[in-house]
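Hi everyone, thanks for making time.

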Amino acid sequence: MAQTLSGIGVSPGVATGPVAQMAAPPVVPTDATPSGDPEAENQAALAAMQAVAATLEERASRAPEEAAGVLAAQAMMAQDPTLASKVTAGVQAGKAAVTAVAEAFEEFRAMLAAAGPYMAERVADLDDLRNRTVATLLGVPMPGVPDPGHPFVLVAVDLAPADTATLDAKRVRGIVTEEGGPTSHTAILAKSLGIPAVVACRGATAVAEGDTVLVDGTEGSVIVSPEEATVREALDAHEAKLASLQAVSGPGRTADGHPVQLLVNIAGDRDLAAATAADAEGVGLFRTEFLFLDRPDAPTSEEQQAVYQRVFEAFSGRKVVVRTLDAGADKPLQFVTVPDEPNPALGVRGLRTSRRHPRLLEEQLAAVAGAAAASTAQVWVMAPMVSTPAEAAAFAEQVHGHGLGTAGVMVEVPAAAVRARHVAAACDFLSIGTNDLSQYTYAADRMAGELADLLDAWQPALLELVRLTAEAGGALGKPVGVCGEAASDPLLALVFVGLGVTSLSMAPVSVPAVRAAVAAHTLAECRGLAGLALEAEDGRAARSAVRAATRS
Ligand code: PEP
Ligand code: MG
């Protein structure tokens, strides 16, 4: 019997396949009884560590460059002789293999943590290794992204950036998470890979391994054990819709010819193929921190320059907006994030990181400038999490000092939106990050699925801040884009255009529907829709009013 689960559709499209659950870390039993044969216990423990190392080496051999390094280093750690001798000492002292392993890892962990900042940064990798070894010994599912050997629908509580480093987009047909919201990493990652996804889907983790599901990432529904006819119908309807959207092409224009630049969001090499194929006018948000994730230290200026160069070459002649490092809070980096910040989302993150690590920003700007000088792309640079006109002015001066002509800032903090005139006057352009702007406007953690109603970018308070920002840019003749996930909602895109936004940047998969929506309405109609949304009581009412008006 088919059963339907509901969540929030965050990456459009329809997909079907067997479920593979992402397992939680295994629990080490406190009452494991040793077999009484220390040699057998030792063999079992060392064999589990070898098996884990072999799997990691195999995964390293097919992972992209940066992820391969992390996996290979982890595999070496699993074969560390000191670790092995601690395990052996444990079983010889009469402990069960699983207990000896857990204790040896704990001891090794304390040693690493005490051995200076570089080694301390490997602790997370070591914990992952322990979990894998314990899972192998207990015969329970391996934690982390599963690899069942065939295409599947990934079901998880939520995904963190580190979980996704080795996610094989060819195998993952759909993603469903129990938690997460419309601006969570799961949402951003799924969209960037073009994988249909539903988040905040209650009951998803209770679906049995291997059960077939039909995921509708536009509607936000997941049908468990669907009838074959239902699957066929959904896939056919999706194909037909795609074909009709593809019929509209070229630069973004309203029905009366008002230009609205349509750009794509990328996070590095992995996204380039889809991004360049998207018939977009350039890149509106290049999230560079993904170059810095899962590393013990920052990539060198040369390493960075090589990546920037590849991106600029892929978009030669077109605009590429590079966002400088946005570390902290939901994007922790081993070497810069303060580990014990009581409130990381309100802490040293985004541009604020450069207060503590000024060289990091300097080196990044030098790398961007070097790559830009060797390319014909129109390179713009912007800073995340800017709060004041003074920060905007200092950043713009620094960027211009590197010979980069166009420096802007993201409007993600309500203070920047409220004072948008002054912020816009201090730099060359603004780009509204609706993911963080809704988080800070509603004081609602963007990763919290249960607060999704507050994080809804249709909320009139958020739209007021977008209006203020767009008007400020308009008054000074400076571009104002939206690059948060909200820009990929075709109806909301119309509202943004009506509010005066000059560009929309989104995952490549979202461009056709937004282009078609914009092309079907005049600027005056968009202004009318924006007025309806601003007058609404709440996000739900705003969406309904605009939906009704576009249907009439
Ligand atoms: C945003 O906050 O809207 C944004 C685009 O930045 P990120 O999602 O990377 O924080
Ligand atoms: Mg942000």
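When I say strand or helix, I mean DSSP runs, numbered from the N terminus: H or I of at least four residues for helices, E of at least two for strands. Isoleucine 266 is buried, with a relative accessible area of 2%. Buried here is under 20% relative accessible area, exposed is over 50%, and partly exposed is in between, with a 1.4 Å probe and protein chains only. If you look across to leucine 189, 77 residues away along the chain, its C-alpha atom is 9.8 Å from that of isoleucine 266.

Some housekeeping before we go on. This is a predicted model, where local features need pLDDT of at least 70 and side-chain atom pairs count only at pLDDT 80 or more, while totals for chains, interfaces and linings use all residues. Residues are numbered from 1 along each chain as its sequence is written, chains are lettered from A and ligands numbered from 1 in the order in which they are written, and side-chain values use heavy atoms, leaving out hydrogens and water.

Now the overall picture. The chain has 22 helices and 16 strands. Its radius of gyration is 25 Å, close to the 24 Å from the globule rule for 552 residues, so the chain is as compact as a globular protein of that length. That radius is taken over C-alpha atoms, and the rule is 2.2 Å times the number of residues to the power 0.38. Along the principal axes, the C-alpha trace spans about 80 × 60 × 40 Å. Of the 552 residues, 52% count as buried.

On to the metal. Which residues coordinate the magnesium ion, ligand 2? They are Glu412, through OE, and Asp436, through OD, at 2.0 Å. This pair links distant parts of the chain, 24 residues apart: glutamate 412 is in the loop between strand E13 (406–411) and helix H14 (414–418), and aspartate 436 is in helix H16, residues 434–441. Both residues are buried. Donors are N, O and S atoms within 2.8 Å of the metal (3.2 Å for Na, K and Ca), and water is not among the atoms, so sites may look incomplete.

Next, ligand 1. It is surrounded by 15 residues, and Arg287, Lys331, Glu412, Asn435 and Arg446 are the closest; a residue counts as near if one of its heavy atoms lies within 4 Å. By class, that shell has seven charged, four polar and four nonpolar residues. H16 gives the most to it, three residues. An oxygen atom of ligand 1 lies 2.8 Å from a polar side-chain atom of arginine 323, and arginine 446 has a side-chain N or O atom 2.8 Å from a ligand oxygen too. Taken alone, ligand 1 exposes 290 Å², and the protein buries 100% of that.

Methionine 385 isn't a glycine, but has a positive phi of about 55°. Methionine 385 sits in the loop between strand E12 (378–383) and helix H13 (389–401), and counts as buried at 1% relative accessibility. Alanine 443 also has a positive phi, near 50°, in the loop between H16 and helix H17 (452–455). Is alanine 443 buried or exposed? Exposed, with a relative accessible area of 74%.

Notes:
A polar contact is a pair of N or O atoms within 3.5 Å; within protein, one must be able to donate a hydrogen and the other to accept it, and residues adjacent in sequence count only if both atoms are side-chain atoms. Accessible areas come from the Shrake-Rupley method with a 1.4 Å probe; for residues, only the protein chains shown count as cover. Ala, Val, Leu, Ile, Met, Phe, Trp, Tyr, Cys and Pro count as nonpolar, Asp, Glu, Lys and Arg as charged, and the others, Gly among them, as polar.
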